Amino acid sequence: MAQVLSDLLAVATFQAGFNTTVVMLGAAALGCAAGAAGTFAMLRRRALVSDAVAHGTLPGIAAAFLLAALLGRAPREAGWLMGGAGFAALLSLAAIEWLGRRSRVGHDTATAAVLAAGFGLGLALMSVVQTLAVGRQAGLESLLFGSAAGMLPAEAQMMAGLAVLVLAVVALLLKEFSAVAFDPDFAATVGLPVARLDGLVALVCAVVVVAALPIAGFVLAVALVVIPPAAARFWSDRAGTVVAVAALLGAVSAFSGAALSAVLADTPTGPAIVLVAACLFTLSLLFGRARGLLGGRG
């Protein structure tokens with residue numbers, strides 16, 4: 001145990017080598033972006049949209065793999081897989097918004113329907129992929145279940161850029177997002193485009209979920225968008241503070257999870273990040289200054 005703590009301290013203080021440092025910093029940037037992006041989806045009680053989008057990327061990944069194989073291209077190429085995931089995420093998001101606003105099934109039901117349909121189609125297409133020789137040889141585990149160990153400096157820089165972009169969008173539209181999140185009827189009365197702002201929040205979450213696929217995988221990517229904002233809600237009732245705390249918790253979760261994955265053998269990065277986030281959520285639930293069970297103001 002003492003050796004593990006010593007190794008963890010060395011990793012956390014950037015003494016474990018350049019590659020490990022790149023992975024931790026890249027993961028932290030992604031966690032920061034995810035925490036900030038997911039805050040207003042959580043406040044609008046639409047966190048499940050991120051889950052549906054994440055599951056909706058599965059058929060996109062499988063379809064892109066099959067298309068690349070059919071065209072004689074390298075099906076594991078990141079451009080194909082991420083492009084397919086991004087396209088499927090946008091389709092899932094558009095389907096949720098269209099069904100939720102133009103039918104009588106309700107937004108929650110539309111979200112659940114898109115989630116189930118996307119996941120089912122994805123499993124069917126994956127079964128086809130596994131029948132191909134190239135599919136059996138290549139596998140898609142790194143994208144389906146996450147693997148940050150191979151993150152390149154350019155990818156870490158992209159995550160940092162994504163974090164800056166998300167924080168900039170949230171900062172510029174904080175007042176409008178807050179009005180829609182806490183009182184959508186008032187927001188509509190004063191002329192705010194509620195539907196467009198909801199769509200923008202969902203789009204930002206979808207972009208972050210797709211970016212998180214190589215690190216956390218499609219199953220766990222949504223956890224980065226959901227858990228830190230949920231934990232941050234226990235610390236404050238002010239939207240700006242909740243965003244800041246969610247971004248911080250997301251960054252700490254991703255950084256610490258990546259560090260644990262580097263220290264503990266056979267520990268995938270995605271699950272490690274989610275477990276750290278779950279621990280922070282539990283601490284927030286108990287000791288959160290605003291709504292915690294033990295530390296709240298009652």
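Mentor: In α5, the buried residues are H107, A110, T111, V114, L115, G118, G122, M126 and V129. Buried here means under 20% relative accessible area, exposed is over 50%, and partly exposed is in between, using a 1.4 Å probe and protein chains only. An α-helix has 3.6 residues a turn, so residues three or four places apart point the same way. Helix α5 covers residues 107–131, 25 residues in all, which at 1.5 Å a residue should span 36 Å; its end C-alpha atoms are 37 Å apart, so the two agree. That expected span is 1.5 Å times one less than the number of residues, and helices are DSSP runs (H or I, at least four residues; strands are E, at least two) numbered from the N terminus.

Some ground rules before we go on. This is a predicted model, with local features needing pLDDT of at least 70 and side-chain atom pairs counting only at pLDDT 80 or more, while totals for chains, interfaces and linings use all residues. Residues are numbered from 1 along each chain as its sequence is written, and side-chain values use heavy atoms, with hydrogens and water left out.

An unreviewed UniProt entry lists "transmembrane region" at several stretches, including residues 52–71, 112–135 and 156–174; those positions use the numbering here, feature names are shortened, and annotations may be inferred rather than shown by experiment. Residues 52–71 are 95% helix and 0% strand, with end C-alpha atoms 29 Å apart. Over residues 156–174 you again get 95% helix and 0% strand, with the ends 26 Å apart.

On a 1 Å grid over the protein atoms alone, a cavity is a set of points where a 1.4 Å probe fits but cannot get out, and lining residues have an atom within 4 Å of a point. Points are joined across faces, edges and corners, and volume is the space filled by probe spheres set on them.

The largest cavity holds about 130 Å³. It has 14 lining residues, with A41, R46, D198, V201 and A202 nearest its centre. Helix α11 contributes the most, four residues. The lining comes out as nine nonpolar, one polar and four charged residues; Ala, Val, Leu, Ile, Met, Phe, Trp, Tyr, Cys and Pro count as nonpolar, Asp, Glu, Lys and Arg as charged, and the others, Gly among them, as polar.

The second largest cavity is about 50 Å³, and its lining is A36, A37, F40, V169, V170, F177, L200, V201 and V204. Helices α2, α8 (153–172) and α11 each give two or more of those residues. By class, the lining has nine nonpolar, no polar and no charged residues.

The structure holds two aromatic pairs, meaning Phe, Tyr or Trp rings (six-membered ring for Trp) with centres within 6.5 Å; planes under 30 degrees apart are stacked, over 60 edge-to-face, and the rest tilted. F40 and F177 sit 5.3 Å centre to centre with planes at 50°, so they're tilted. F234 and F281 make the edge-to-face pair, at 5.6 Å and 70°. F234 is in the loop between α11 and α12 (239–263) and F281 in helix α13, so this pair ties together parts 47 residues apart in sequence. F234 is buried at 15%, whereas F281 is partly exposed at 27%.

Terms used:
1 Å grid on protein atoms, 1.4 Å probe; cavity = no way out; pocket = protein on both sides within 12 Å on 5 of 7 lines; lining within 4 Å.
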